[in-house]
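This note is written for a student reading a protein model for the first time. Please keep the sequence and the structure in view while working through the numbered points.

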Amino acid sequence: MSADNQSVKEALNKKGAYGADLDLDHYEEGSKDSVQIDDLQSSKYKDYMEKVGVVADEMNRSGTLMFIDNGMSHCSSSQQEGLEMMSTQDALRKYDWVKDYMWKAMDPTKDKYTAKSYLEEADGYFIRVKSGYHIKDPVQTCMMINTDKTIQNVHNIVIVEDNASLEMITGCSTSPHANDALHIGVSEIYVGENCDLTFSMIHSWGKQTGVRPRTATVVGKNSNYTNNYVILNPVGSLQSFPSASLAEGATALYNTMCIAHEGSDIDTGGLVYLNGRNSSAQIMSRSISMGGHMCARGRLVGNAPGAKAHLECRSIIMKDGGSTNAVPELEAHVADVEMTHEAAVGKIAQDQIEYLMSRGLTEDEAVSMIVRGFLSGSINGLPPALQQELDVAIEQANLGD
């Protein structure tokens with residue numbers, strides 16, 4: 001997607017379509033000179049990594065990429081044939097054709113956050129699966145902010161070529177001393193024909209951290225794309241609305257699981273363009289407001305005959321002073337489509353609490369059990385190992401007042 005520098009510079013003043021308008025001038029650009037970490041297990045960041053699904057011993061992983069602030073600090077792989085991993089800037093130097101994927105799925109003038117990434121020529125991770133290869137174990141990436149009042153500005157490229165498959169786990173976190181920071185993560189994902197890609201993100205930020213992911217995915221003919229997003233701990237301001245464009249026979253599944261703690265402002269969702277004949281999509285959201293502000297958006301656009309899509313948003317509000325909104329949108333441009341949505345906002349039923357209390361639980365224990373049950377199993381199709389890690393994260397999450 002071509003753009004001239006002047007139009008991108010003008011976009012630095014362009015507010016995001018949703019979410020709070022963050023002041024970029026409040027932050028300094030994060031350092032690209034990151035300390036190199038050879039052994040993740042002995043790293044001081046190990047605990048932060050493992051809370052977001054990044055395995056420090058790298059067992060049952062095909063590779064690991066880690067960025068601290070704006071520099072790559074770790075890159076290792078199991079040397080599995082057909083898999084390439086490196087920084088985006090290294091990929092641009094190695095392959096001339098990589099530039100054809102830069103800013104093709106994402107418009108750099110979308111808002112101030114994409115414009116910032118474009119003008120700074122942000123680095124990030126580059127992951128490629130060559131045609132015909134099926135990567136056995138997940139690839140994991142970790143984005144860590146380690147400096148207060150900085151912008152972590154990354155631009156990631158993922159390419160899964162025809163007849164290939166990949167699972168990715170991306171964990172993002174903030175060091176306690178870097179609470180007041182901003183994460184901008186532009187990710188462009190290209191899925192070829194007859195492919196499978198699962199892209200799972202588990203985030204744990206600081207109570208003042210601003211988070212602005214910008215993700216766009218192009219899904220080829222007869223391919224399957226699953227996007228999972230999980231945030232269970234407090235965050236300052238988070239706004240994410242990833243999009244996917246589907247070719248003929250392609251499918252997309254967006255799963256979101258969020259808890260909005262007091263002081264948190266979360267606006268998440270997903271957008272799918274069903275551009276190919278017989279393409280299909282689902283957007284599923286489970287969210288809880290525990291005194292924070294939660295908005296779950298979903299938009300499905302049917303542009304081709306035979307398209308089928310469903311959108312479901314379910315929210316629980318547990319504390320006065322918080323809020324939760326469900327914003328489902330269906331849009332069709334041809335007659336032969338089938339599109340549905342459900343949205344529900346409510347509270348925990350008192351009879352459920354009373355039943356559990358009659359079985360010997362305290363009221364707090366009963367509420368906690370119901371909430372965990374609401375969240376557990378709400379994401380379909382996760383790899384068993386990731387589902388186990390997610391269940392542990394739910395158990396460890398602060399679900400009290």
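1. The model is a predicted one, in which local features need pLDDT of at least 70 and side-chain atom pairs count only at pLDDT 80 or more, while totals for chains, interfaces and linings use all residues. Residues are numbered from 1 along each chain as its sequence is written, and side-chain values use heavy atoms, with hydrogens and water left out.

2. Strand S12 (residues 224-231) is joined to S10 by eight bridges, and the two run parallel. Helices (H or I, at least four residues) and strands (E, at least two) are DSSP runs numbered from the N terminus, and two strands pair if DSSP finds at least two bridges between them. S10 also pairs with S8, again in the parallel sense, over nine bridges. In that pairing Ile169 stands opposite Ser200 in S10.

3. How many of the nine residues of strand S10 are buried? Eight of them are, so this strand (residues 196-204) is largely enclosed by the rest of the structure. Here buried means under 20% relative accessible area, exposed means over 50%, and partly exposed lies in between, with a 1.4 Å probe and protein chains only.

4. These strands belong to an open sheet of ten strands with mixed pairing, in the order S3-S2-S6-S8-S10-S12-S15-S17-S19-S21. Its edge strands are S3 (71-77) and S21, each of which pairs on one side only. From one strand to the next the twist averages 10°; axes are lines fitted to C-alpha atoms, for helices over the stretch in contact, and angles run from 0 to 180 degrees between N-to-C directions.

5. Further along the sheet, strand S15 (residues 251-261) and strand S17 (residues 280-290) run parallel and are joined by eleven bridges. Tyr254 stands opposite Ile283 in S17. Helix H6 (residues 363-375) packs on the sheet, where it touches S15, S17 and strand S19 (307-317), and its direction makes about 165° with that of S17.

6. Is Val337 buried or partly exposed? With 22% relative accessibility, Val337 counts as partly exposed. Leaving aside neighbours within four places in sequence, Val337 is in contact (heavy atoms within 4.5 Å) with Ala304, Ala307 and Ala332. The C-alpha atoms of Val337 and Ala309 are 8.3 Å apart, although 28 residues separate them in sequence.

7. Ser173 lies in strand S8 (residues 165-174) and is buried, with a relative accessible area of 3%. The side chain of Ser173 reaches the backbone oxygen of Ser204 at 3.2 Å. Not counting residues up to four places away in sequence, Ser173 touches Tyr48, Met143, Met144, Ile145, Ser204 and Trp205.

8. Which cysteine sulfur is closest to that of Cys142? It is the sulfur of Cys172, at 6.9 Å, which is too far for a bond; a disulfide is a pair of cysteine sulfur atoms within 2.5 Å. A search of the whole structure finds zero disulfides. Cys142 counts as buried at 1% relative accessibility, and Cys172 counts as buried at 3%.

9. In soluble globular proteins, nonpolar side chains tend to be buried together. The largest nonpolar core in this model has 54 residues, and those with the most contacts inside it are Tyr125, Ile127, Leu166, Leu246, Val272 and Leu300. A second, separate core of 28 residues includes Leu40, Ala56, Ile68 and Leu356. A nonpolar core is a set of buried Ala, Val, Leu, Ile, Met, Phe, Trp, Tyr and Cys residues joined through side-chain atoms within 4.5 Å.

10. Most residues other than glycine have a negative phi. Glu121, however, has a positive phi of about 50° although it is not a glycine; Glu121 is found in the loop between helix H4 (112-119) and strand S5 (125-129) and counts as exposed at 57% relative accessibility. Asn278 has a positive phi near 60°. Asn278 is placed in the loop between strand S16 (265-274) and S17, and is partly exposed, with a relative accessible area of 48%.

Definitions and conventions: A polar contact is a pair of N or O atoms within 3.5 Å; within protein, one must be able to donate a hydrogen and the other to accept it, and residues adjacent in sequence count only if both atoms are side-chain atoms.
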